[in-house]
Amino acid sequence: MSETGKGPATGLVHGGRRKAWRGRIVNPPVERASTVLFDSVAEMESSPGELGSYRYGRLGTATHWALSEALTELEPGAAGTALFPSGLAAITSALLTVLSPGDELLAPDNVYGPTRKFCNTMLRRFGVATRYYDPRTLPEPGPTTRAILLESPGSLTMEVQDIPAITALARKLGLVTLLDNTWATPLLFPAIAAGVDISILAATKYVGGHADLMLGTATATPEHFEKLQAAAWELGHAVSPDDAWLASRGLRTMAIRLKQHEENALKVAHWLREQPEVGLMLHPAFPDCPGHEFWKRDFKGSSGLFSFELKQGDRTLLIDSLKLFGIGYSWGGFESLATPADGYCTVSAPPASNLIRLHVGLEDTDDLIADLASALAIAR
């Protein structure tokens with residue numbers, strides 16, 4: 001339940017739809033603007049330049065505020081949501097908000113590849129050290145540790161972390177926790193309620209839901225939101241109002257889409273597990289997946305993304321032979337995708353080799369299974 005006492009699906013439908021922003025129409029309109037006009041110099045100079053106040057297009061319009069408010073209402077305990085032009089921009093900006101030269105960041109070894117590159121390049125140049133840890137076991141924070149980055153489940157190898165335990169330890173030590181919550185969204189894992197300080201989404205994925213926008217969001221507690229929003233503006237981040245509007249539209253159906261993604265993915269995963277060519281099933285809802293016990297305890301369901309080990313056959317040939325699964329980056333849209341899932345791990349070995357990652361979309365699962373069966377036969 002949200003802070004308003006309504007269920008999350010109700011929040012998705014009604015969130016951000018203030019009458020002041022939408023008038024008599026159902027959806028807040030797309031407000032495309034760079035320049036905002038004032039009646040006088042005094043009015044212009046007194047404009048506060050904050051969320052909900054018109055000042056300059058880069059700082060947002062009602063199109064952006066409606067999306068931010070709806071996302072914030074999904075996270076009980078959150079103070080606000082900042083918008084970014086991509087999921088990676090949300091992650092990097094959040095890290096820059098909480099880290100300073102001389103600090104150490106703890107990051108899981110299965111972290112999203114571009115995030116890892118940012119830590120190893122720009123953060124390093126800024127004097128921030130990154131220590132990678134096995135996502136299954138958090139190491140002891142050091143004297144310069146300032147923040148802990150979480151990704152649960154990992155976007156390729158799917159390890160689920162014990163987030164409540166980690167956030168409890170972090171609060172005891174005065175550390176900031178940041179979570180890439182794209183796989184679950186707040187519908188399946190309300191991160192702020194679990195003790196996370198900044199919850200990040202690549203809204204390009206399930207929030208948008210239609211593979212037609214680029215967007216990142218970061219929802220934060222009262223202690224961190226103002227600094228996060230200030231960092232977004234100081235770094236010059238601006239989100240297209242069209243993308244913000246598309247994301248708001250996607251939110252309205254996200255609950256029902258996630259349920260269908262879950263149902264379809266579980267059916268496909270159970271079928272794959274019975275095939276002799278398939279080894280380890282890295283789906284958080286399956287006992288084989290590292291951290292399954294934390295998923296079972298903490299999450300309200302699963303989404304459409306998982307990986308599996310191909311024990312026999314040519315992985316590239318299998319993927320190339322699929323007809324209904326597209327080959328491409330991203331996921332979370334209505335379409336099914338298949339990609340090689342080579343981990344970035346250096347501290348801990350991936351739990352399996354020759355991995356394939358699937359995003360199961362909204363097609364008929366019998367058709368998807370038939371496609372996989374044909375490709376497995378070719379790959380043999």
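By class, how many nonpolar, polar and charged residues does the lining of the largest cavity have?

Reply: The lining of the largest cavity has 9 nonpolar, 7 polar and 1 charged residues by class; here Ala, Val, Leu, Ile, Met, Phe, Trp, Tyr, Cys and Pro count as nonpolar, Asp, Glu, Lys and Arg as charged, and the others, Gly among them, as polar. The model is predicted, so that local features need pLDDT of at least 70 and side-chain atom pairs count only at pLDDT 80 or more, while totals for chains, interfaces and linings use all residues. Residues are numbered from 1 along each chain as its sequence is written, and side-chain values use heavy atoms, with hydrogens and water left out.

The volume of the largest cavity is about 150 Å³. On a 1 Å grid over the protein atoms alone, a cavity is a set of points where a 1.4 Å probe fits but cannot get out, whereas a pocket is an open set with protein on both sides within 12 Å along at least five of seven lines; lining residues have an atom within 4 Å of a point. Grid points are joined across faces, edges and corners, and the volume is the space filled by probe spheres set on them. Of the 17 residues lining the largest cavity, Arg-58, Leu-59, His-64, Leu-83 and Trp-233 are closest to its centre. Two or more lining residues come from each of α4, β1 and α9, where helices (H or I, at least four residues) and strands (E, at least two) are DSSP runs numbered from the N terminus. In total, 4 cavities of 30 Å³ or more are counted.

The second largest pocket draws on these elements too: α4 (62–73), β1 (80–84) and α9 (222–234) each give two or more residues to its lining. Its space amounts to about 350 Å³. Among its 18 lining residues, Leu-51, Gly-52, Ala-79, Gly-80 and Phe-225 lie nearest the centre, and α9 provides the largest share, 5 residues. The lining of this second largest pocket comprises 7 nonpolar, 7 polar and 4 charged residues.

The largest pocket holds about 610 Å³ of space. It is lined by 31 residues, and those closest to its centre are Tyr-112, Lys-205, Ser-330, Trp-331 and Arg-357. By class, the lining of the largest pocket has 16 nonpolar, 10 polar and 5 charged residues.

Most residues other than glycine have a negative phi. Ser-330 is partly exposed at 27% relative accessible area, the classes being buried under 20%, exposed over 50% and partly exposed in between (1.4 Å probe, protein chains only). Trp-331, by contrast, is buried, at 7%. The ring centres of Trp-331 and Tyr-206 are 5.5 Å apart and the planes stand at 70°, so the pair is edge-to-face; rings of Phe, Tyr and Trp (its six-membered ring) pair if their centres lie within 6.5 Å, with planes under 30 degrees apart counted as stacked, over 60 as edge-to-face and the rest as tilted. Because Tyr-206 is in the loop between β6 and β7 and Trp-331 in the loop between α12 and β10, this pair ties together parts 125 residues apart in sequence. Tyr-206 is buried, with 1% relative accessibility.

Met-254 is one of the residues, with Leu-67, Ile-148, Trp-183, Phe-189 and Leu-251, that touch the most other members of the largest nonpolar core, which has 51 residues. Such a core is a set of buried Ala, Val, Leu, Ile, Met, Phe, Trp, Tyr and Cys residues joined through side-chain atoms within 4.5 Å. Elements that supply at least two of its residues include α4 and β4, and α10 gives the largest share, 7 residues. In soluble globular proteins, nonpolar side chains tend to be buried together.
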